[in-house]
Amino acid sequence: MNVAIIGTGYVGLTTGACLAFLGHEVSCVDADANKIAALRRGEVPFFEPHLEDLLADARDNLSFTTDYSQAIPEAQVIFIAVGTPTGVGGAPDLRYLEAAAHGVGEHLGPHFTVIVNKSTVPIGSGNWVGTLVRERIQRNGAGGAKCFAVASNPEFLREGSAIHDSLYPDRVVIGAGEPKTAEVLYTLYRPLLDQTFTPPRYLPRSDRLGAVPFISTDLSSAELIKYAANAFLALKISYINEIGQLAERVGADISQVARGIGLDARIGTQFLHAGVGWGGSCFGKDTAALIATASEYKLEMPIVAAARQVNHRQRERVIEKLQEELKILKGRTIGLLGLAFKPQTDDLREAPALEIAQRLLERGARVRAHDPVAMERFRRERPDLDVTLCETAEGVARDADALVLVTEWPQYRELDWEALAAGMRSPIMLDGRYVLDRVRLARAGFRYVALAG
Ligand code: UDX
């Protein structure tokens with residue numbers, strides 16, 4: 001099929017690459033001319049494992065443009081995958097979505113087209129996008145000649161495993177007003193639903209994966225599924241972090257507690273890793289948006305609100321722990337291992353490391369940091385934060401009063417602990433993710449401190 005994708009961020013570019021890989025003709029549109037030029041050269045503007053390989057494998061089916069008139073008129077399916085950052089009062093800022101809907105309305109072809117909201121948008125946005133497109137068509141005097149429908153197809157990919165999650169999803173959710181619309185998207189996703197495509201060599205299919213469930217529902221339900229899923233995952237993490245606080249007081253081991261409850265199939269072991277809390281572009285934004293939407297209907301969401309509160313408390317817990325160890329933070333040097341909001345990405349949006357650094361700086365500490373991939377982005381995006389970046393973990397540790405493991409990059413599990421401890425003023429390691437071997441660290445001369453316990 002002929003597909004246009006508006007927006008070349010994580011969601012748009014991954015969707016475009018995957019659909020092209022499955023054999024569709026895909027045009028990716030973005031207003032940023034530099035980004036489009038880089039993509040044409042085969043460069044990916046952010047770090048995402050295997051995305052560059054997939055784009056290269058699918059290049060015969062892919063084109064990149066800043067011009068709506070080159071991508072929209074021919075498209076049978078148009079995905080809108082633009083950013084919806086948090087705006088005033090927690091509600092998402094929809095200006096990019098509005099611009100995309102106008103662009104689509106301006107250039108829509110004469111055949112039946114399905115316009116798909118892939119961005120995480122407030123409930124009711126499907127109808128709103130439909131209205132914006134219709135208004136633009138009518139303004140141009142082409143009302144009767146254009147026929148389109150709006151659908152919602154929420155994205156569940158995780159950064160760092162975006163390609164895997166897109167090629168081998170747990171489910172595909174489509175929200176649409178009429179069966180005809182859902183059928184178009186069913187046809188588009190057929191190779192993925194039936195898993196009939198040949199997997200890329202770098203991402204083999206698991207033997208356990210069968211056919212992918214297809215959930216066809218109305219627009220509002222699909223839109224709510226996205227928010228409800230993200231809020232649930234966020235509160236699962238906050239729940240284990242809250243239990244972690246109690247575990248510390250009663251002398252229990254939170255990792256064992258998480259395993260002990262997670263092996264109950266009704267609960268599940270995933271998203272029960274306690275630590276400095278969740279960050280990233282989705283959980284904070286989507287929980288805020290859910291609360292904002294509910295308040296428009298005069299509904300409170302105390303569970304979601306509490307998940308947010310607990311998450312902020314986790315960051316503060318890092319500072320309290322360091323204070324307990326060092327007594328005074330002013331003038332101390334604290335080293336952060338990891339800046340990205342999670343491993344395998346250079347994304348810094350709502351990264352716990354940034355909030356922790358900010359709070360340490362406010363208390364007069366000096367902050368050093370290392371990250372295997374996110375340092376360049378940090379330099380670009382956060383020049384306001386007075387953090388000294390070091391090329392190695394050893395550099396972060398040198399003469400530091402304490403280290404904090406903030407992002408659980410695999411390479412931080414196997415450092416030369418003896419050398420690190422020897423170079424520090426006081427060899428304290430605060431494990432913010434419960435991933436380090438406390439016996440091994442103690443043997444190397446560290447005082448190992450977990451975030452809880
Ligand atoms: C999330 C959802 O998982 C995905 O389905 C949705 O489409 C977008 O939002 P993402 O933000 O990319 O994906 O990363 P995810 O792996 O969910 O991690 C989010 C945050 O939670 C990270 O900061 C991570 O460190 C933290 N986390 C995750 C925990 O603290 N504990 C866990 O057990 C799992």
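This is a predicted model: local features need pLDDT of at least 70, side-chain atom pairs count only at pLDDT 80 or more; totals for chains, interfaces and linings use all residues.
Start with the open sheet. It has 8 strands in the order β3-β2-β1-β4-β5-β6-β7-β8, and the pairing is mixed. Strands β3 (62-65) and β8 (214-217) stand at the edges. Each has a single partner strand, so one side of each is left without a neighbour in the sheet. From one strand to the next, the twist averages 25°.

Strands of a sheet pair through backbone hydrogen bonds, either parallel or antiparallel. Within it, I5 has C28 of β2 as its bridge partner.

Helix α5 (residues 95-107) lies across β1, β4 (77-80) and β5 (113-117). Its direction is at about 160° to β4. Helix α8 (residues 179-193) lies across β1, β4, β5, β6 (148-152), β7 (172-176) and β8. Helix α8 runs at about 170° to β7.

The phi of Q195 is near 55°, a positive value in a residue other than glycine. Most residues other than glycine have a negative phi, and most peptide bonds are trans. Is Q195 buried or exposed? Q195 counts as buried because its relative accessibility is 9%, under the 20% cut-off.

F271 also has a positive phi, near 60°, and it too is a residue other than glycine. F271 sits in the loop between α10 (254-262) and α11 (283-296). Its relative accessibility is 24%, so F271 counts as partly exposed. That class lies between the cut-offs of 20% and 50%.

Now move to strand β12 (residues 402-405). Which way do its side chains point? A402 and V404 point one way, L403 and L405 the other, and all are buried.

Strand β12 has parallel pairings with two strands named here, β9 and β13. With β9 (residues 333-337), the pairing covers 4 bridges. There, L337 stands opposite L405 of β12. With β13 (residues 428-431), the pairing covers 3 bridges. In that pair, L403 has M429 of β13 as its bridge partner. To get from β12 to β13, the chain passes through helix α16 (residues 417-423). This β-α-β crossover is right-handed.

Note on methods
Residues are numbered from 1 along each chain as its sequence is written. Side-chain values use heavy atoms; hydrogens and water are left out. Two strands pair if DSSP finds at least two bridges between them. Axes are lines fitted to C-alpha atoms, for helices over the stretch in contact, and angles run from 0 to 180 degrees between N-to-C directions. Contact means heavy atoms within 4.5 Å. Buried means under 20% relative accessible area, exposed over 50%, partly exposed in between (1.4 Å probe, protein chains only). A crossover is right-handed if, with the strands pointing away from the viewer, the path from the first strand over the helix to the second runs clockwise.
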